[in-house]
Amino acid sequence: MTSDIRPCCDDEHAAIATIINAAAEKYRGVIPADCFHDPYMSDDALAADIAKDVVFWGSEDTGALVGVMGFQIVKNQPLIRHAYVRPTLQGRGIGSALLSFLIEKQKGPILVGTWADASWAIGFYQRHGFVLTARDETVRLLRTFWTVSERQIETSVVLRR
Ligand SMILES: CC(C)(COP(=O)(O)OP(=O)(O)OC[C@H]1O[C@@H](n2cnc3c(N)ncnc32)[C@H](O)[C@@H]1OP(=O)(O)O)[C@@H](O)C(=O)NCCC(=O)NCCS
């Protein structure tokens with residue numbers, strides 16, 4: 001599948017949220033119930049992340065966003081944040097293209113966090129050269145570069161490339 005990768009626009013917050021919330025349905029019944037919210041990402045939470053300089057890149061196909069991936073630099077550390085592809089279009093290389101695009105822009109290490117139970121996401125990142133960090137390192141990285149609850153720290157993993 002060929003699609004264009006471009007930064008998302010200021011008027012695309014609703015489209016970003018729609019993709020995130022549709023794709024995040026994959027977590028339902030898989031990650032701990034108390035970690036799944038409905039919607040998974042509220043408009044306010046998305047706006048708060050964008051205000052904290054999470055830059056969303058989008059994959060566009062025939063005029064519509066089909067996938068989004070956030071990128072944020074925290075304390076000089078590049079992070080991949082919120083990687084989601086429209087459910088009907090997953091498994092066609094859109095996520096890989098977005099991830100490769102963001103990886104290519106970086107010279108140093110990149111971190112990504114995900115739910116420990118999201119085995120497919122962990123495998124996706126591993127196939128792109130990311131390696132799971134040890135538990136004590138995961139906790140340190142989450143406390144240093146993310147703003148997450150202790151519960152989310154307990155239930156998350158961090159991978160480094
Ligand atoms: C994880 C996610 C972002 C990956 O995006 P994607 O577009 O589905 O990923 P890709 O299609 O690039 O790769 C997924 C698989 O499809 C395969 N694939 C890639 N291009 C393909 C193509 N043209 N045709 C068929 N399969 C293809 C890849 O080999 C890959 O298989 P692998 O995981 O066994 O290596 C997406 O599946 C998603 O939104 N999942 C739900 C939410 C989620 O878990 N997000 C991660 C948050 S951290």
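Residues are numbered from 1 along each chain as its sequence is written. Because the model is predicted, local features need pLDDT of at least 70 and side-chain atom pairs count only at pLDDT 80 or more, while totals for chains, interfaces and linings use all residues.

We begin with the sheet. Strands (E, at least two residues) and helices (H or I, at least four) are DSSP runs, numbered from the N terminus, and two strands pair if DSSP finds at least two bridges between them. Strands of a sheet pair through backbone hydrogen bonds, either parallel or antiparallel. Here seven strands form an open sheet with mixed pairing, in the order S1-S2-S3-S4-S5-S7-S6. Strand S1 (4-7) and strand S6 (131-132) stand at the edges with a single partner strand each, so one side of each is left without a neighbour in the sheet. S1 pairs with S2 in the antiparallel sense over four bridges, and Arg 6 stands opposite Gly 58 in S2.

Directions are compared through axes, which are lines fitted to C-alpha atoms, for helices over the stretch in contact, with angles running from 0 to 180 degrees between N-to-C directions. Helix H1 (residues 13-23) touches S2, S3 and S4, and its direction makes about 95 degrees with that of S3. H3 touches S1, S2, S3 and S4, and its direction makes about 30 degrees with that of S3.

Next come the hairpins. Strand S2 (residues 55-61) and strand S3 (residues 64-74) pair in the antiparallel sense over seven bridges, with Trp 57 opposite Met 69 in S3. Two residues lie between S2 and S3 in their hairpin, and Thr 62 in the turn has a positive phi of about 40 degrees although Thr 62 is not a glycine. A residue is buried if 20 or more other C-beta atoms, placed from the backbone, lie within 10 Å of its own, exposed if 12 or fewer do, and partly exposed in between; with 7 such neighbours, Thr 62 counts as exposed. S3 also pairs with strand S4 (residues 77-85) in the antiparallel sense, over eight bridges, and in this hairpin, again with two residues between the strands, Lys 75 takes a positive phi near 50 degrees. Val 74 stands opposite Gln 77 in S4 and, with 16 C-beta neighbours inside 10 Å, counts as partly exposed.

What lies in the interior? A nonpolar core is a set of buried Ala, Val, Leu, Ile, Met, Phe, Trp, Tyr and Cys residues joined through C-beta atoms within 7 Å. The largest such core has 33 residues, of which Ile 16, Ile 20, Val 68, Met 69 and Tyr 84 touch the most other members. Not counting residues up to four places away in sequence, the residues that Val 68 touches include Ile 16, Ile 20, Trp 57 and His 82. His 82 lies in strand S4 and is buried, with 20 other C-beta atoms within 10 Å.

Of the 21 residues around the ligand, Ala 23, Gln 90, Gly 93, Gly 95 and Ser 96 come nearest. S4, helix H3 (94-104) and helix H4 (119-126) are the elements that give two or more residues to this shell.

Notes. Near = placed C-beta within 6 Å. Contact = placed C-beta atoms within 7 Å.
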